Amino acid sequence: MKRVRWLSGLLSAGVLSFTLATVGAQVAQAQREIHILDLNCVRRWSDGPSYNQSTDVSIAREIYTSILKTQPFGLTCRLPGGRASLRIEYGVSDRDSDPPAKIDVYVDGNQVASQVGKAGQVNSLLVDVSNGKSLAIDISCSRATNCKNGWYYFFWFHVIPGASSPGKR
């Protein structure tokens, strides 16, 4: 009798562990971010090149490693579908005197966010892009004049499937 209870308890623990591991793996996989350039994208306009490489840059006398270095450009990408968020963190190097970037975000052709970065700091943008089919991002100089085609550095430029922005349900 004790042996049956012990085996039953062991079997129950095994089933529970398997269930938790399976659900945990699905949640972890759903939250895995996708680099923007790993999506199916088309460049719409470009004033300069972009580089998908690690570059150390100083912003506000702190060092950051960028994942993308670019001049102003426009990009339209296919979204994976379902719930998702776009997370962007960016800035201008301490070496550069260029104005910060202006970023406009469109989902299915409708503008959903716009932000002008602040000089001398890392700027963050989190946008709910849930259930969209396409994502367009325009990165431009925040001023109409005195833009020297400077570089903007991005530290996060990812779509996070299965997540939505805070405050959205």
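1. Asp104 counts as buried, at 8% relative accessibility; buried means under 20% relative accessible area, exposed over 50%, and partly exposed in between (1.4 Å probe, protein chains only). Its salt-bridge partner is Lys102, with 3.6 Å between the closest N and O atoms. Lys102 itself is partly exposed, at 28% relative accessibility.

2. A word on the model before going further. This is a predicted model, in which local features need pLDDT of at least 70 and side-chain atom pairs count only at pLDDT 80 or more, while totals for chains, interfaces and linings use all residues. Residues are numbered from 1 along each chain as its sequence is written, and side-chain values use heavy atoms, with hydrogens and water left out.

3. How many salt bridges are there? The count comes to two, taking a salt bridge as a side-chain nitrogen of Lys or Arg within 4 Å of a carboxyl oxygen of Asp or Glu. Besides the pair above, Arg87 and Glu89 form a salt bridge, their closest N and O atoms lying 2.8 Å apart. Here Glu89 is buried at 17% relative accessibility, whereas Arg87 is partly exposed at 26%.

4. Now to confidence, given as pLDDT (the predictor's confidence in each residue, from 0 to 100). The protein has a mean of 81, with 73% of its residues at 70 or more. Strand S10 (residues 110–116) has the highest confidence, at 97, and helix H1 (residues 2–30) the lowest, at a mean of 53. Helices (H or I, at least four residues) and strands (E, at least two) are DSSP runs, numbered from the N terminus.

5. Please look at residues 23–29 too, where pLDDT stays under 50. The model gives this stretch zero contacts beyond four places in sequence, a contact being heavy atoms within 4.5 Å.
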